[in-house]
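Trainee: Before we set up any calculation, could we go through this model together, with the overall fold taken up before the details?

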Amino acid sequence: MGTGRIDRSSALPFYAQLKELLLPQLGRVWEVGERLPGEVALCERYGVSRTVVRQALDELEGEGRIVRRKGQGTFVAARKVDESLFQSMTGLCEDVAARGSELVSAVRRLEFAPATADAAHELDVAEGSTLLHLERLRYVNDEPWALSSTWLPHYVAPGLLDEDLTRQSLYALLEDKYGVNLDHGRRLVEAVPAAPSVAEALGVDVHDPVLLLRSTAWDQEGRPVEYFTAYHRADRSRFQVHVRRSRARSGALPAMLVSDDGE
C-alpha cells in the first residue's frame with residue numbers, strides 16, 4: 001500500500017487528503033476489479049476515523065473510480081470510455097478505434113425480420129414490413145460493452161446477409177460498398193434498468209442501470225436508412241458532447257426531453 005500520510009497541519013479536510021492518497025493507487029496497487037482493503041484497515045493505515053474513510057470512498061464512488069457491492073466490499077472500477085456518438089455521425093466501431101481500443105462484435109442475429117413498431121415508425125414503413133435485422137454484442141478489449149439491434153430497409157444493403165460484421169464498421173461498409181451517403185441523424189439517450197436478457201448479455205445484474213441509445217440516420221436524399229437501439233454498460237461508458245451557446249430560435253427542438261412517469 002502507498003506510503004503517503006495525512007498532513008494534520010493542512011487546511012485540506014482529511015477525507016479530501018485521503019481521496020488524493022488513494023487515487024493514484026487505483027489501477028496500480030489495486031488492479032481493476034480488485035478488492036480494496038476494508039474500512040477498518042484503511043482507518044488503521046491512515047490514522048483516520050471511519051467517517052473520514054467513508055467520505056473519501058463516497059467521493060471516489062461518485063466519480064466512478066470505485067464500485068461498492070453490498071456484502072462483498074469495495075472494488076476498483078474500470079475507467080469509462082468517452083463516446084462522442086452525439087456530435088458526429090460515427091458508429092461505435094469508429095469511436096472506439098479513435099481511442100486506440102479494439103472493438104469486436106459477436107453477431108447474434110443477421111436476418112430478414114418483420115419490423116417492430118418503433119423500427120417501422122422510424123424507417124417510415126408499415127409495421128410488420130420485412131427489414132434487415134442485425135443484432136450484435138459489442139466487446140471492447142474483450143469485455144462486453146454494448147448490445148445493439150439495428151434495422152435497415154433491404155434496398156440499403158442488399159448483400160448484407162453475406163457480410164462478416166465481426167470487425168467491420170457498418171457505417172463504413174454502407175458508404176464504401178453500398179454507396180449510401182449518410183447525412184444526418186437523431187440520437188436520444190436515457191438511463192433504464194437492465195432487463196434480464198440485457199443484463200445477461202452485458203454481464204451486469206438485473207435492474208442495474210444501463211444507457212439506452214436510440215438512433216435514426218438519414219441519407220443525403222432525406223430517406224431514413226438505419227434505426228438502432230443500443231444498451232451500453234453504464235459503468236464502462238459515458239457520452240461526451242461538445243456544445244455551443246446560440247440564440248434561441250422559435251420552433252427549435254429542445255435539447256432535453258422530459259417524460260412523465262409511465263410514458
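What follows is a set of questions and answers on this predicted model.

Trainee: How many helices and strands does the chain have, and what share of the residues is buried?

Mentor: The secondary structure comprises 7 helices and 10 strands. A residue is called buried when its relative accessible area is under 20%, and in this chain of 263 residues the buried share comes to 40%.

Trainee: Which element gives the most residues to the lining of the second largest pocket?

Mentor: The second largest pocket has a volume of about 550 Å³, and among the 24 residues that line this pocket, V67, R69, D208, R233 and D235 are the closest to its centre. With 4 residues, the element that gives the most is β1.

Trainee: How many residues of the lining of that second largest pocket are charged?

Mentor: Sorted by class, the lining of the second largest pocket holds 10 nonpolar residues and 4 polar ones. The number of charged residues in this lining is 10.

Trainee: Is S215 buried or exposed, and which residue does its side chain join in a polar contact?

Mentor: S215 sits in strand β8, and because its relative accessibility is 1%, S215 counts as buried. Beyond its neighbours within four places in sequence, S215 is in contact with Y171, R186, R187, E226, Y227 and F228. At a distance of 3.0 Å, the side chain of S215 makes a polar contact with the side chain of R187.

Trainee: Where does D124 lie, and is D124 buried or exposed?

Mentor: D124 is a residue other than glycine with a positive phi, near 60°, and its place is the loop between α5 (117-123) and β5 (130-140). The cut-off for an exposed residue is a relative accessibility over 50%, so D124, at 65%, counts as exposed.

Trainee: What is the phi of H207, and is H207 buried or exposed?

Mentor: H207 belongs to the loop between α7 (196-202) and β8, and although H207 is not a glycine, its phi is positive, at about 75°. Because its relative accessibility is 59%, H207 counts as exposed.

Terms used: Residues are numbered from 1 along each chain as its sequence is written. This is a predicted model: local features need pLDDT of at least 70, side-chain atom pairs count only at pLDDT 80 or more; totals for chains, interfaces and linings use all residues. Side-chain values use heavy atoms; hydrogens and water are left out. Helices (H or I, at least four residues) and strands (E, at least two) are DSSP runs, numbered from the N terminus. Buried means under 20% relative accessible area, exposed over 50%, partly exposed in between (1.4 Å probe, protein chains only). On a 1 Å grid over the protein atoms alone, a cavity is a set of points where a 1.4 Å probe fits but cannot get out, and a pocket is an open set with protein on both sides within 12 Å along at least five of seven lines; lining residues have an atom within 4 Å of a point. Grid points are joined across faces, edges and corners, and a volume is the space filled by probe spheres set on the points. Ala, Val, Leu, Ile, Met, Phe, Trp, Tyr, Cys and Pro count as nonpolar, Asp, Glu, Lys and Arg as charged, and the others, Gly among them, as polar. A polar contact is a pair of N or O atoms within 3.5 Å; within protein, one must be able to donate a hydrogen and the other to accept it, and residues adjacent in sequence count only if both atoms are side-chain atoms. Contact means heavy atoms within 4.5 Å.
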